[in-house]
There are 2 protein chains.
Amino acid sequence: VTPQLNARGDVAVLVPAAGAGLRLGPGGPKALRLLAGEPLLVHAIRRVAASPSVRTIVVAAPAAEVEAVRDLLATVAPVTVVAGGAERQESVALALAAVPADVPIVLVHDAARALTPPELIESVAAAVRAGHPAVIPVLPVVDTIKEVGPGGDGSETVLGTVDRAVLRSVQTPQGFRHDVLAAAHASASDPLTDDAGLVEKAGLPVTCVPGSDLALKITRPLDLVLAEALLHLR
Amino acid sequence: VTPQLNARGDVAVLVPAAGAGLRLGPGGPKALRLLAGEPLLVHAIRRVAASPSVRTIVVAAPAAEVEAVRDLLATVAPVTVVAGGAERQESVALALAAVPADVPIVLVHDAARALTPPELIESVAAAVRAGHPAVIPVLPVVDTIKEVGPGGDGSETVLGTVDRAVLRSVQTPQGFRHDVLAAAHASASDPLTDDAGLVEKAGLPVTCVPGSDLALKITRPLDLVLAEALLHLR
């Protein structure tokens with residue numbers, strides 16, 4: 001039986017966390033990196049579980065860590081933990097296979113975006129519910145962006161300035177109609193493409209909604225400093 | 001007489017801060033926004049003045065605020081304050097005109113990158129000194145980037161995924177051989193182009209050096225939170 005959060009919810013959230021980065025214990029980066037004493041994954045799941053539309057959460061963990069991740073999340077929220085694959089895309093597909101067929105909306109989230117507020121999760125889900133087959137939260141690109149190539153002396157040289165007005169920085173969760181994500185993964189060939197990219201390749205429209213500064217990806221030491229500061233602001 | 005910091009230095013640093021954003025008093029954003037009780041401009045100038053290669057600093061302020069900005073910086077560092085123009089590019093040209101002809105390297109900095117460490121200023125200057133006519137500090141782009149266009153219902157829709165591996169996010173200071181920056185500005189036509197972009201258009205190579213997380217642009221409220229946290233880390 002799949003653990004449920006809100007039986008009336010129409011959203012499943014997948015959290016692929018099976019990469020080499022997921023290791024319990026010290027030195028284990030990414031999803032289990034500690035923020036204010038708790039793993040990023042715990043922070044992320046807590047906020048997903050606080051989103052009223054979410055019926056079910058599926059985490060893909062490394063095969064050897066499924067029990068440990070289940071224990072870690074036991075007191076956080078009702079969560080299904082499945083064994084993930086070698087590639088992120090395979091983990092998403094394996095997590096998707098655990099979603100009941102009658103859940104119409106599926107979101108794919110990144111545990112490293114641990115402070116993503118429930119409001120953003122609701123906003124992505126609402127846009128799918130309104131009829132968009134695929135939805136991504138985006139932010140404007142604020143810095144000047146250059147395209148670069150190899151320079152003469154081992155340095156990088158600028159090939160050109162990119163028009164940042166048409167660029168958007170993509171966050172998660174990315175949201176999909178259940179059937180659209182399933183079809184995209186069934187025909188996926190490029191393991192490096194993000195989920196929305198698979199839908200793009202399938203020729204379906206991907207719609208943008210405004211992202212959130214709080215949904216920053218926490219990867220570098222500086223991001224942890226910012227995330228701690230944001231937690232203390234609350 | 002131009003105030004000098006280090007008479008043996010070979011670098012002038014220009015800080016255009018004459019935009020509509022520069023207003024003294026409450027509500028005045030950008031260069032005079034307060035960080036830990038001091039304007040961003042003060043934080044920025046203090047770090048520029050701590051760079052051993054810097055001989056002279058020129059700030060372009062709004063014409064009506066030249067005296068006030070001079071007073072503000074009087075106790076921070078020896079700085080030349082000139083009246084800027086309506087456009088950022090004009091302010092850079094006016095600040096450049098105040099640089100003694102025998103200073104071979106000119107850097108253009110952004111006061112909003114108030115925590116830029118002296119080490120980055122030295123690194124950009126060193127690359128110009130080593131023979132590169134134009135140098136920019138860059139960081140890799142960490143988020144997935146999409147190109148967007150107008151969607152059907154007033155929303156934005158994705159046109160494609162951009163290969164972020166060849167993209168770099170540009171910081172300041174941007175560094176130039178004095179004559180190269182002067183020539184680029186003499187022939188400048190597009191007021192929206194950054195200084196390195198003017199040099200690109202002139203057909204000269206622009207070389208990248210590694211940027212710094214500390215050189216973040218402090219514009220959004222979230223950036224101020226991060227900047228405060230970084231200051232307290234010291």
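The model is predicted; local features require pLDDT of at least 70 and side-chain atom pairs count only at pLDDT 80 or more, whereas totals for chains, interfaces and linings use all residues. Residues are numbered from 1 along each chain as its sequence is written, chains are lettered from A and ligands numbered from 1 in the order in which they are written, and side-chain values use heavy atoms, with hydrogens and water left out.

Chain A is superposed on chain B by a rotation of 180° with 0.0 Å of shift along the axis, at an RMSD of 0.0 Å. This is the relation of a two-fold axis. The superposition of copies is by least squares on the C-alpha atoms of residues with pLDDT of at least 70 in both. Within chain A, the residue that comes closest to the rotation axis is Leu226(A), with its C-alpha at 2.5 Å. Of the interface residues of chain A, 100% are also interface residues in chain B, so the copies meet through the same surface. Contact here and below means heavy atoms within 4.5 Å.

Helices (H or I, at least four residues) and strands (E, at least two) are DSSP runs, numbered from the N terminus. In chain A, helix α1 (residues 40–49) packs against helix α2 (residues 66–74) at an angle of about 55°, and their axes are 10 Å apart. Axes are lines fitted to C-alpha atoms, for helices over the stretch in contact, and angles run from 0 to 180 degrees between N-to-C directions. The two helices α1(A) and α2(A) are therefore oblique to each other; angles under 35 degrees count as roughly parallel, over 145 as roughly antiparallel, 65 to 115 as roughly perpendicular and the rest as oblique. The crossing of α1(A) and α2(A) is right-handed, a term that applies if the near helix is turned clockwise from the far one by less than a right angle, anticlockwise being left-handed. On the α1(A) side the contact is made by Leu41(A), Val42(A) and Ile45(A), and on the α2(A) side by Val69(A), Leu72(A) and Leu73(A). By class, this contact of α1(A) with α2(A) consists of 6 nonpolar, no polar and no charged residues. Nonpolar covers Ala, Val, Leu, Ile, Met, Phe, Trp, Tyr, Cys and Pro, charged covers Asp, Glu, Lys and Arg, and the others, Gly among them, count as polar.

Helix α1(A) is mostly covered, with 8 of its 10 residues buried. Buried means under 20% relative accessible area, exposed over 50%, and partly exposed in between (1.4 Å probe, protein chains only). The buried residues of α1(A) include Leu40(A), His43(A), Ala44(A), Arg47(A) and Val48(A), and also Leu41(A), Val42(A) and Ile45(A).

In chain B, the axes of helix α1 (residues 40–49) and helix α2 (residues 66–73) come within 10 Å and cross at roughly 55°. Helices α1(B) and α2(B) are therefore oblique to each other, and their crossing is right-handed. Leu41(B), Val42(B) and Ile45(B) of α1(B) make the contact with Val69(B), Leu72(B) and Leu73(B) of α2(B). Helix α1 of chain B also holds His43(B), which is buried at a relative accessible area of 3%. Apart from neighbours within four places in sequence, His43(B) is in contact with Leu35(B), Glu38(B), Ala114(B) and Leu231(B).

Helix α5 (residues 178–186) of chain A has as its buried residues His178(A), Val180(A), Leu181(A), Ala184(A) and His185(A). Among the elements that cover these residues of α5(A) are β1 (11–16), α3 (88–96), β6 (105–108), β11 (174–177) and α6 (195–201) of chain A.

Several loop positions were also examined. The peptide bond from Thr172(A) to Pro173(A) is cis, with omega near 5°, and Pro173(A) is found in the loop between β10 (167–170) and β11 of chain A. In chain B, a cis peptide bond joins Thr172(B) and Pro173(B), with omega about 5°. Ala36(A), in the loop between β2 (34–35) and β3 (38–39) of chain A, has a positive phi of about 50° although it is not a glycine. Ala36(A) counts as partly exposed at 44% relative accessibility. For Ala36(B), phi is near 50°, and this residue counts as partly exposed at 45% relative accessibility.
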